[in-house]
Structures are given as structure tokens and as C-alpha cells.
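Hi there,

Here is the structure I promised to pass along. Could you take a look when you have a moment? My notes follow below.

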Amino acid sequence: VRLLGVWRSGVSVIDEVDVVLHPLKSELNWPLGDKHSLDFAPWRWELPSHLLNVLLLLQQPAEASSCVADGSAPSGNSAHAQAEASVTMRLRGAIDEGIAKNMLQRLPHLALLSEAFYHE
């Protein structure tokens, strides 16, 4: 009876069910106990989201994204907005340099062509 209470109050997120539920390919682990926030939440998932958003914006040519092309801060003149604009401009420069040197490709999507360029 206690186990039913745990199942009713729990949440299960399963991806790739066909693989996960196959008895010979996977093992399911069910966490028990109190629910606690993940370490570094919510930055843990917000940071990759912000980075991907910037990279998706920057894969467009500079002329197509005027707010990034002219170096203007996103909103306001706070130190945070200025730092964000500075980092975005540095990324724009690195992407443009990589494309000019044929170390990155822009189409069909931004892709690294040279590992050496990444480590530069």
C-alpha cells in the first residue's frame, strides 16, 4: 500500500520508450525519497538555452540581425546588458572569422569544420 502512495505522488519522465522499456537493453531506476531541486537550478538549463539562442541568431549574416551587427545592448544600459552585447559581438567576430577561413559553415546550419579552430 505504501508503494502505491509513492507511485501516485511521483513523476516519471521517459524518453525513447522503445529502448528504455526493453528488458535486455535498459534498466529503469526509480528515485525514492524527498524531492529536492537539482544543483544549479534553474541556471543548469537556462544557460544552454541562452547559448543556443545566441548561436542561432549569430548563424545569420550580420546584415540580417541588426541588433547584433551594430553592437547595441539588448535592453537598457545596465552593466549586464553591456556585458551581454560585448560577448555577443565577440561571438559574432569569431563566427565571421571561422566562416571566412572555411573553419565553420553557415548553411544549412552553423557547423564546426575544424577542431583546431575550436581550440584556438
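First, a definition: buried means under 20% relative accessible area, exposed means over 50%, and partly exposed is in between (1.4 Å probe, protein chains only). By that scale, glutamate 97 is partly exposed at 34%, and so is lysine 101 at 42%. Their side chains meet in a salt bridge of 2.8 Å, N to O; the term stands for a side-chain nitrogen of Lys or Arg within 4 Å of a carboxyl oxygen of Asp or Glu.

Some background: this is a predicted model, where local features need pLDDT of at least 70, side-chain atom pairs count only at pLDDT 80 or more, and totals for chains, interfaces and linings use all residues. Residues are numbered from 1 along each chain as its sequence is written, and side-chain values use heavy atoms, leaving out hydrogens and water.

The structure holds three salt bridges. Arginine 92 pairs with aspartate 96 at 3.7 Å, N to O; both lie in helix α5 (residues 79-100), four residues apart, about one turn of the helix. Helices here are DSSP runs (H or I, at least four residues), as are strands (E, at least two), numbered from the N terminus. Arginine 92 is buried at 3%, while aspartate 96 is partly exposed at 29%.

Aspartate 96 also forms a salt bridge with arginine 106 (3.4 Å, N to O). Arginine 106 sits in the loop between β1 (104-105) and β2 (111-112), so the pair ties together parts that are 10 residues apart in sequence.

Best wishes
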